[in-house]
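Please look at the structure shown here before reading on. The paragraphs that follow go through its helices, its strands and the surroundings of its ligand.

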Amino acid sequence: MKVHAEGDRITGLELAVGEMITAKHYVDASGHVGVLRRAMGVRSEGPTQLKNIAIWDYWEDAAWAKTVCHGGVRVRIMSVGYGWIWFIPISETRVSVGLVTHAEYYKQCGMKPAELYSKALAEEPFIASLMTNAKSEGKLASTKDWSFLAERAVGENWFLVGESAGFADPILAAGMTLAQVGGRELAHVLLALEAESHDAKWLRDWYGDIQRKRVGQHIRFADYWYSANAHFVELQAYTAEIAREAGLSLDPAEGFRWLATGGFISDDLSSPIIGSYQVNSAKKAMSAMTGVPVDPEINRYSELKLNLAGAAEVVVPECRAGKIEVVRCYQRDSKILPIHGIFRLVILALRNERETRRIFQFLQNEVAQGGYGESQSALTSCMDAIEGLLVDGWIVGKDVKGKARLNVVWDDESVRVSAADDPYVTAIHPG
Ligand SMILES: Cc1cc2nc3c(=O)[nH]c(=O)nc-3n(C[C@H](O)[C@H](O)[C@H](O)COP(=O)(O)OP(=O)(O)OC[C@H]3O[C@@H](n4cnc5c(N)ncnc54)[C@H](O)[C@@H]3O)c2cc1C
């Protein structure tokens, strides 16, 4: 296929059979091939020091796939000294099992991919136990150098979506999420362009920026993840460098905590998400993967205060039910705080109360009145939001002598709050 263009404008796609296809908008959903990305001369950057390789195969009759995964899919990841293994059920009997390891380790170990793969699967006790009776399909595959970010994701009349705009690392299993979230946003943008409901440049710029930002966040997220694994020690210094770029002066351990407790909030405008992950899920996954406990920020303070110093008000598009809505946000450097949804409620609570226990009570009363969905999950989102805003500097905390701190504990889908020495808090929500 040949892409015809005048400047930054695509004028048609000429198929191999000679047929010319023209359209108003052109979308590149061709994955890492990046048909339009390459044709339009968009360069790619690799903003990471990760150099990993993956080796995988598909298996029939692995144990866990037939038991735990029955009726639903659950993914297991296990750390081995030189990398990690994924175990992804695809059907009730078929699983994808892969090894990701550092390219340097692969070079130095002197083994062929198949040898290294078998060694890793045999060495990890849980995976080995699952695979006892499993049969390989014998289609061992490998890949490397997958992290990249397109320098731009929009042109005059074309768009990159999904992996054509960039990819981070399989550690996050986020490829499909990124592709689908981007696809949804693009659908909204195209509908709005057709309806001429908003400024076209504003829509295009936002679309391009958010795709790049999200993939960039995932790349950084992956970097943190690996750097928090003792086996990737060479990334420790890089962790601090990433934090510095984000305007924070943190050592690697603090940088990890910053990310794991909600750094990078900016993805979803109505509820707290880190690069498309719920704050608490991300925290749990990172703790499980690395063995580093991630304690809640909120439990460190008895008072919280909103910090809007240096922030300006901006408007940002939000995709809602096929339409683009305009959402007001505070912006400081590259970070935004939406005055919307759960964030708006948290802002309101902080404007009304200062003590954490009173803030919690305010939020609890508000969500109980409805309008934010099921109240326990809304309250959990509020706590997630506070976590992220604390580490992103939108909220500053103080531990005032004589004032009680909360003890917030995240369960699967809810938060529990207790403070044994504080009858007031216990009365709010028995732990
Ligand atoms: C080792 C590894 C493990 C991964 N594990 C996971 C995981 O566990 N979970 C997860 O969500 N993601 C994972 N991913 C990422 C995931 O595979 C991709 O991010 C995702 O498939 C991207 O979706 P996409 O639709 O953008 O591109 P793709 O799925 O690549 O789809 C692009 C399509 O375009 C077609 N195409 C290409 N060129 C042309 C052309 N010239 N003409 C017509 N059609 C064309 C291709 O055939 C393909 O069908 C992993 C990636 C790697 C490298």
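A crossing of two helices is called left-handed if the near helix is turned anticlockwise from the far one by less than a right angle, and right-handed if it is turned clockwise. Helices (H or I, at least four residues) and strands (E, at least two) are DSSP runs, numbered from the N terminus. This is a predicted model, in which local features need pLDDT of at least 70 and side-chain atom pairs count only at pLDDT 80 or more, while totals for chains, interfaces and linings use all residues. Residues are numbered from 1 along each chain as its sequence is written.

Begin with helices α11 and α12. By the definition above, α11 and α12 make a right-handed crossing. Helix α12 covers residues 356–368, and its axis lies 9 Å from that of α11, at an angle of about 135 degrees. Axes are lines fitted to C-alpha atoms, for helices over the stretch in contact, and angles run from 0 to 180 degrees between N-to-C directions. Angles under 35 degrees count as roughly parallel, over 145 as roughly antiparallel, 65 to 115 as roughly perpendicular and the rest as oblique. The two helices α11 and α12 are therefore oblique to each other. On the α11 side, Leu345, Ala349, Leu350 and Asn352 meet Ile359, Phe362, Leu363 and Glu366 of α12, where contact requires C-beta atoms, placed from the backbone, to lie within 7 Å. This contact of α11 with α12 divides into six nonpolar residues, one polar and one charged. Here Ala, Val, Leu, Ile, Met, Phe, Trp, Tyr, Cys and Pro count as nonpolar, Asp, Glu, Lys and Arg as charged, and the others, Gly among them, as polar.

Helix α13 also packs with α11. Helix α11 (residues 341–352) and helix α13 (residues 375–391) have axes 9 Å apart and an angle of about 75 degrees. That makes α11 roughly perpendicular to α13. Ile342, Phe343, Leu345 and Val346 of α11 face a set in α13 that includes Ala378, Cys382 and Leu389. By class, the contact of α11 with α13 has nine nonpolar residues, one polar and no charged ones.

The axes of α12 and α13 come within 9 Å and cross at roughly 145 degrees, and the crossing is right-handed. Leu363, Gln364, Val367 and Ala368 in α12 meet Ser375, Ala378, Leu379 and Cys382 in α13. The residues of this contact of α12 with α13 are six nonpolar, two polar and no charged.

Turn now to the strands, which pair if DSSP finds at least two bridges between them. Strands β1, β2 and β3 form an open sheet in the order β1-β2-β3, with antiparallel pairing. β1 (2–6) and β3 (20–21) stand at the edges with a single partner strand each, so one side of each has no neighbour in the sheet. Strand β2 (residues 9–14) runs antiparallel to β3 and is joined to it by two bridges; Glu14 has Met20 in β3 as its bridge partner.

Strands β19 (residues 323–332) and β20 (residues 335–338) are antiparallel and joined by four bridges, and Gln331 stands opposite Ile336 in β20. Their hairpin has two residues between the strands, and Asp333 takes a positive phi near 50 degrees.

Which residues come nearest to the ligand? Of the 19 residues around the ligand, they are Gly31, Gly162, Pro170, Gly175 and Met176, where a residue is near if its C-beta atom, placed from the backbone, lies within 6 Å. Helix α6 (residues 175–195) gives the largest share of this shell, three residues.

Notes:
Contact = placed C-beta atoms within 7 Å.
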